[in-house]
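Thanks for coming, everyone. I have one structure to walk through today.

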Amino acid sequence: MIEGKLRLSTIEGTGRQFVAQSGTGHACIMDDAEGHSGPKPIEFALLALGGCTAFDVIGILRKKRQKVSGYEIELRAEQNAEPPAYFTRVEIKHRLRGKIDPEAVRAAIHLSETKYCAVGAMISKTAKFETTF
């Protein structure tokens, strides 16, 4: 089971900033476009997708003994025009450096997208993924 809680951190005024705390005790600020002091919840969803696939891919590449010297992921998402504004299309660009076999990268990304990434499995119910590396 995964747990978490949110606590309103601004009592006065119109602010809607929350402190989000995971069941493991880690905290971060969550806000909306008006407050602009932290990521919006939908931005966290996109970042969670990136983190989920990044951990999968780097883990698989290391097991394949690939020499990764740098790795970053760029993410973009389009949303449904009407509420709820769920993702309809997601672009994921994996940028890797090092001595890496492109086929190993392709296989690692495929495994993440089709087997391991729980966040991707949820988001793929409404969004088409376009992945490059």
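**Cysteines, cores and helices**

A search of the whole structure turns up zero disulfides. Take Cys-28: it is in no disulfide, and the nearest cysteine sulfur, that of Cys-52, is 16 Å away. A disulfide is a covalent bond between the sulfur atoms of two cysteines. Keep in mind that this is a predicted model.

Are these two cysteines buried or exposed? Cys-28 counts as partly exposed, because its relative accessibility is 34%. Cys-52 counts as buried, at 17% relative accessibility. The cut-off for buried is under 20%.

Cys-52 takes us to the core. Which residues make up the largest nonpolar core? There are 10 in all: Leu-46, Leu-49, Cys-52, Phe-87, Val-90, Ile-92, Cys-117, Val-119, Ile-123 and Ala-127. The elements that give two or more residues to this core are α1, β5 and α3, residues 118-123. In general, nonpolar side chains in soluble globular proteins tend to be buried together.

Phe-87 lies in strand β5. Phe-87 counts as buried because its relative accessibility is 6%. What does Phe-87 touch, leaving aside neighbours within four places in sequence? Its contacts are Ile-42, Ala-45, Leu-46, Ala-77, Glu-78, Gln-79, Ile-123, Thr-126 and Ala-127. Here is one that Phe-87 sits away from: Ala-54 is 33 residues apart from Phe-87 in sequence, and 19 Å apart in space, C-alpha to C-alpha.

On to the helices. α1 has 23 residues. At 1.5 Å a residue, α1 should span 33 Å, and its end C-alpha atoms are 33 Å apart, so the two agree. The buried residues of α1 are Leu-46, Leu-49, Gly-50, Cys-52, Thr-53, Ala-54, Asp-56, Val-57, Ile-58, Ile-60 and Leu-61. What covers them? The cover includes β4 (67-79), β5, α2, α3 and β6.

Next, α2, residues 102-116. Its 15 residues should span 21 Å at 1.5 Å a residue. The end C-alpha atoms of α2 are 20 Å apart, which agrees. Buried in α2 are Ala-104, Val-105, Ala-108, Ile-109 and Ser-112. Seen down the axis, these buried residues fall within an arc of 130°, so they line one face of the helix. The background is simple: an α-helix has 3.6 residues a turn, so residues three or four places apart point the same way.

What is on the face of α2 turned away from the buried side? That face carries the exposed residues Thr-114 and Lys-115. The buried residues of α2 are covered by elements including α1 (41-63), β5 (87-99) and β6 (128-132). One detail at the start of α2: a side-chain oxygen of Asp-101 reaches to within 3.1 Å of the backbone nitrogen of Glu-103.

There is another aspartate to look at. Asp-32 lies in the loop between β3 (27-30) and α1. Asp-32 counts as buried, because its relative accessibility is 14%. A polar atom of the Asp-32 side chain lies 3.2 Å from the backbone nitrogen of Glu-34. Not counting residues up to four places away in sequence, Asp-32 touches Arg-16 and Lys-40.

Last, the backbone. His-36 also lies in the loop between β3 and α1. His-36 has a positive phi of about 50°, although it is not a glycine. His-36 is exposed, with a relative accessible area of 68%. Arg-65 is not a glycine either, and has a positive phi of about 60°. Where is Arg-65? In the loop between α1 and β4, just after α1. At 70% relative accessibility, Arg-65 counts as exposed.

One more backbone feature. The peptide bond from Pro-83 to Pro-84 is cis, with omega near -5°. Pro-84 has its place in the loop between β4 and β5.

That's my tour. Over to you.

Conventions: Residues are numbered from 1 along each chain as its sequence is written. This is a predicted model: local features need pLDDT of at least 70, side-chain atom pairs count only at pLDDT 80 or more; totals for chains, interfaces and linings use all residues. Side-chain values use heavy atoms; hydrogens and water are left out. Helices (H or I, at least four residues) and strands (E, at least two) are DSSP runs, numbered from the N terminus. The expected span of a helix is 1.5 Å times one less than its number of residues. Buried means under 20% relative accessible area, exposed over 50%, partly exposed in between (1.4 Å probe, protein chains only). The arc is that of the directions from the helix axis to the C-beta atoms. Contact means heavy atoms within 4.5 Å. A polar contact is a pair of N or O atoms within 3.5 Å; within protein, one must be able to donate a hydrogen and the other to accept it, and residues adjacent in sequence count only if both atoms are side-chain atoms. A disulfide is a pair of cysteine sulfur atoms within 2.5 Å. A nonpolar core is a set of buried Ala, Val, Leu, Ile, Met, Phe, Trp, Tyr and Cys residues joined through side-chain atoms within 4.5 Å.
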